[in-house]
Amino acid sequence: MRRSGRTAMATTPGPLPAARPPVSRSPVCPPREVPPSVIMTPTVRQESCGRRRSCHCRPDSAAASVDPMNAQSITVIGLGRMGTALADAFLAAGHRTTVWNRTPGKADALVARGAVRAASVEDAVAAGELVVVCVLDYPAVRGLLAPVAGSLRGRVLVNLTSGSPEQARAEAAWAAEHGIGYLDGAAMTTPPGVGDSATMFLYAGSPGLLAAHRATLAVLGDPVDLGPDAGLASLHDAGLLGLMWSVFGGWLHATALAGADGVPAREFTAVATRWLRTVSWFMTEYAEQIDAGEYPGADATIDVQAAAIGHLLHAGQARGVDGRLPELHLDLMRAAVEAGHGGDSYARIIEAFRK
């Protein structure tokens, strides 16, 4: 945040988290953390994206393997782009992987790499200790699995299908009625990120199931346990995607603003991503305020921020940049000021979303 002739905003949000992330000048893939059952060699494949490297680090087929004593029989149901990436990661790690898809041809490439093609959903379920399903929606999950519920009894079902918290809780209840272990999950990545230890896979459901299968699921990405409420993976997924879209929107608006004066998107983004680290420190501080229900404006009050956003609106108007996004922020700030909260921190605006 910058100083102007009329307003001054503090650039530090008070006490900061003890550990700050190191600043990196180039995209470097993080070290891969793997469970003890996985044998690693130093070789990893770093995918290329144009002239720049991607931080989707995935193991080469020769770079990671599971000790045969610890290999599991895994079934993957649904071979869209994400389901295919999941099955590929299990195969690359050395797990015995069975696959099924309504269109059998989608399994051809996986079968060529060692997967077993199941002729039916029932055959697929029977082949796996761990059954991973990733299809269009929850009704599709139920439609496929309800007829084979008896075969699923005693097995563990990991549902990585996108849906609502209410749907996830209903699916967990259905699984419990049929004696099926159930984990609801969310892949916080696109398919190229599957297999990257820095990628989060969120899980919620039966206590102990994630702990029992953590080593296996870790080949997909870092398994994050959200607790026994099966709806929390979908809830976090929805909230985090909303955060992503808001960040994208702000970044695109800002990139358009800078680009109007000839700043290349790549150059602006290098500065923007560094700034997001500071923004994350503000968020950490504001989270404490939100949990406490108190919003001291020790760093920068809403009054000050409402004045500062005027500079952004003016710059955008002068350059013909659409101002709807910052105008929304200003509307929220003005409402807080009019309600008598102008001296509070920006975190106070959460109350507008709670109505």
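This is a predicted model: local features need pLDDT of at least 70, side-chain atom pairs count only at pLDDT 80 or more; totals for chains, interfaces and linings use all residues.

User: Which residues touch the most other members of the largest nonpolar core?

Analyst: In general, nonpolar side chains in soluble globular proteins tend to be buried together. The largest nonpolar core here has 30 residues. Those that touch the most other members are Leu86, Leu160 and Leu220.

User: Which element gives the most to this core?

Analyst: Several elements give two or more residues to the core. Among them are strand E5 (73-77), strand E11 (200-205) and helix H7 (209-217). With eight residues, the element that gives the most is H1.

User: Which element gives the largest share of the nonpolar patch on the surface?

Analyst: The patch includes Met200, Trp245, Phe248 and Met283, and has about 980 Å² of accessible area together. Two elements give two or more residues to it: helix H8 (232-259) and helix H9 (265-292). The largest share is eight residues, and it comes from H8.

User: Why is Leu240 called partly exposed?

Analyst: Leu240 is in helix H8 and belongs to the nonpolar patch. Partly exposed lies between the cut-offs of under 20% for buried and over 50% for exposed. Leu240 is partly exposed because its relative accessible area is 31%.

Conventions
Residues are numbered from 1 along each chain as its sequence is written. Side-chain values use heavy atoms; hydrogens and water are left out. A nonpolar core is a set of buried Ala, Val, Leu, Ile, Met, Phe, Trp, Tyr and Cys residues joined through side-chain atoms within 4.5 Å. Buried means under 20% relative accessible area, exposed over 50%, partly exposed in between (1.4 Å probe, protein chains only). Helices (H or I, at least four residues) and strands (E, at least two) are DSSP runs, numbered from the N terminus. Patches are made of residues with over 30% relative accessible area and no salt bridge: like charges are joined within 9 Å, nonpolar side chains (Val, Leu, Ile, Met, Phe, Trp, Tyr) within 5 Å. Accessible areas come from the Shrake-Rupley method with a 1.4 Å probe; for residues, only the protein chains shown count as cover. A salt bridge is a side-chain nitrogen of Lys or Arg within 4 Å of a carboxyl oxygen of Asp or Glu.
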